[in-house]
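Take a walk through this protein chain, from its overall make-up down to single side chains. Keep the sequence and the coordinates open as you read.

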Amino acid sequence: MSDDPIRLVTIGRMLRRRWRLLAVLAVVGALVGYGASVLFPPRYTASASVLLPGQWEERELLTQAEIAASSAVVDRTAASLGWRDVSGEELRDRVSAEAADGNIIKISGTAENPERAQRLADRLAQQFVAFATRVAGGGTDPEAATGPDALRQQVRETNRRITDLAEAADPGRTVESVQARTSLEKLRTALEEAMKKLDQADPAAAKAGMVVMGPAARPTGEAPPTRTQLIGGGALLFFLLAVVGHLAAARVNRRPRTEPEIAAALGAPLLGTVDVPGERHPHRPEDRGPLARTRRFLGLDTRWDTPTPQRYADEAATRVRYRRVCARLRDQLPAPRRLLVVVPDGDAIARRAAGQLVAEAGRDPSPSASRSPIGKGCPRLRVVDVSVSRPIVPDRDTESGALVVLSAGNCTTAELTGVAEACADAGHEVVGVVVATTVRTRPTRSADHPPKDATPALAGRGRATGGSA
């Protein structure tokens, strides 16, 4: 798993085997989201729009949006509202402004109820227009305020003087008078064009036309995130974290899963792979507490990242695998002897496989059974459970050797190495490794309904008797 890419079949297997745990974690996330919605009361947001007439560039609109949400405008708004429970600094976190299409500045305010949100947005828009107009008009300096008007008055006086000079000149009698009148008309035209450009470029004239486009609409729903969004977001977040956690744990898992890797970690030859029907086995006494029942309910007592078990063929095919392991074990040893069957503690699949292997070795029909000093061709086996955290194997007494039986992906390489070292420390040579795999069993047929193609025992006996006759 650690070297393979994560595929959809892996995610599907995890959802199928750990759906209860994922559902519980999603419920916990929903409860956390509900708790967050209780701690943070609902808020309401209202928006008011301000129209900026004339030609505006994008950067200028962004500047006006920054001004609308600046501390100067917000402080004036807080002073005009007179809310004692909200200071100007807190109010800055509740307002925002953005430039919309069509030279519109959208100003938004957030409050605890719809009425206060509407009032805050309207007052923000009014204070923004007043502040922008005052800044565009040059502030409170009287000379700066009257400067453009005085300039226009001087232009009007100059036009009047030009008219008087043109009328006083000798109209059309001399060449000099015609040239003077022409020069005066050109001067008048230049003054008019300059005054027109001055009016167009006057920022006060453009910004003085800012208009608040009606009162803000009273909000009818909560501002996001709402309670429903917090509950759904919490459930989704916990669910995704659980999925990512499962995939990350499987990704970094370095437990050997193939037979050659397991045999290499134990330093012993692989004798074969045996099948164990995936039937529910009785739980041990130490697995009957509340914590164990909770683990079984959530599916934590079984691994989710193992491949889907193959279908169980039949008992005869399963016994063939066990007999072949016994034959290889008999050929591996120079003479029949007693062996320990070492099973990692907690590996229920390997424990069942070891019991079946012991039973099969006891009825070994080997031709060399009559010549064996023990009475059977296959060595006598005794099963012992060994803790992988602190492995301790019984000392060498009547047994002289160890056979390790385990399931794939249940122990790390370091744990398997520790088991092999514990066997060597007790004077046992690891003569072989047997890997147990789970297979799916077929539905059990009722005794009252035999298969259609089954031959009745009495009929078969009658045919056999008739044939012998």
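Predicted model: local features only at pLDDT ≥ 70, side-chain atom pairs only at ≥ 80, totals over all residues.

The protein chain holds 16 helices and ten strands. It has 469 residues, and 33% of them count as buried. The accessible surface comes to about 28100 Å². Carbon and sulfur atoms account for 55% of that surface. Now look at the contacts with a separation of 6 or more. Of these, 83% are between residues 24 or more positions apart.

Start with strand E5, residues 270–277. Is this strand mostly covered or mostly uncovered? It is mostly covered, with six of its eight residues buried. Its partner here is strand E10, residues 430–440. The two strands run parallel and are joined by seven bridges.

Next, take helix H3, which spans residues 58–68. Leu61, Gln64, Ala65 and Ala68 are buried in this helix. Seen down the axis of H3, the buried residues fall within an arc of 105 degrees, so they line one face of the helix. What does the face turned away from the buried side of H3 carry? That face carries Arg59 and Glu66, both exposed.

Val24, Val28, Val32 and Phe297 make a nonpolar patch of about 320 Å². Helix H2, residues 19–39, gives the most to this patch, with three residues. Val28 has its place in H2. The relative accessibility of Val28 is 35%, so this residue counts as partly exposed.

Turn to the charged side chains. The model has ten salt bridges. One of them joins Glu399 and Arg382, at 2.9 Å from N to O. Glu399 lies in strand E9, residues 399–407, and Arg382 lies in strand E8, residues 381–386, so the pair ties together parts that are 17 residues apart in sequence. The two ends differ in cover. Glu399 counts as buried because its relative accessibility is 8%, below the 20% cut-off. Arg382 has 37% relative accessibility and so counts as partly exposed.

A second salt bridge is formed by the side chains of Glu115 and Arg218, at 3.7 Å from N to O. Which parts of the chain does this pair tie together? Glu115 lies in helix H6, residues 114–136. Arg218 lies in the loop between strand E4 (211–212) and helix H10 (227–251). The pair therefore ties together parts that are 103 residues apart in sequence. Glu115 counts as partly exposed, at 41% relative accessibility. Arg218 also counts as partly exposed, at 46%.

Other charged residues form a network. Asp85, Arg94, Glu112 and Arg116 are linked by salt bridges. Within this group, Arg116 pairs with Glu112, and their closest N and O atoms are 3.9 Å apart. Glu112 is partly exposed, with a relative accessible area of 30%.

Arg94 sits in the loop between helix H5 (88–92) and strand E2 (95–100). Is Arg94 buried or exposed? At 13% relative accessibility, Arg94 counts as buried. Leave out residues up to four places away in sequence, and Arg94 touches Arg43, Val86, Ser108, Gly109, Thr110, Ala111 and Glu112.

End with Arg18. This residue lies in the loop between helix H1 (8–17) and H2. H2 is the helix that gives three residues to the nonpolar patch. The relative accessibility of Arg18 is 8%, so Arg18 counts as buried. What surrounds Arg18, leaving aside neighbours within four places in sequence? Arg18 is in contact with His246, Leu298, Gly299, Leu300, Thr302, Arg303 and Trp304. Among these, His246 falls in helix H10, which covers 227–251.

Definitions and conventions: Residues numbered from 1 in each chain as written. Heavy atoms only, no water. Buried < 20%, exposed > 50% of the residue type's maximum accessible area, 1.4 Å probe, protein only. Helix = DSSP H or I, 4+ residues; strand = E, 2+ residues; numbered from the N terminus. Pairing = 2+ DSSP bridges. Patch = residues over 30% accessible without salt bridge, like charges linked within 9 Å, V, L, I, M, F, W, Y side chains within 5 Å. Areas by Shrake-Rupley, 256 points an atom, 1.4 Å probe, with all protein chains shown as cover. Salt bridge = Lys/Arg side-chain N within 4 Å of Asp/Glu carboxyl O. Arc of directions from axis to C-beta. Contact = heavy atoms within 4.5 Å.
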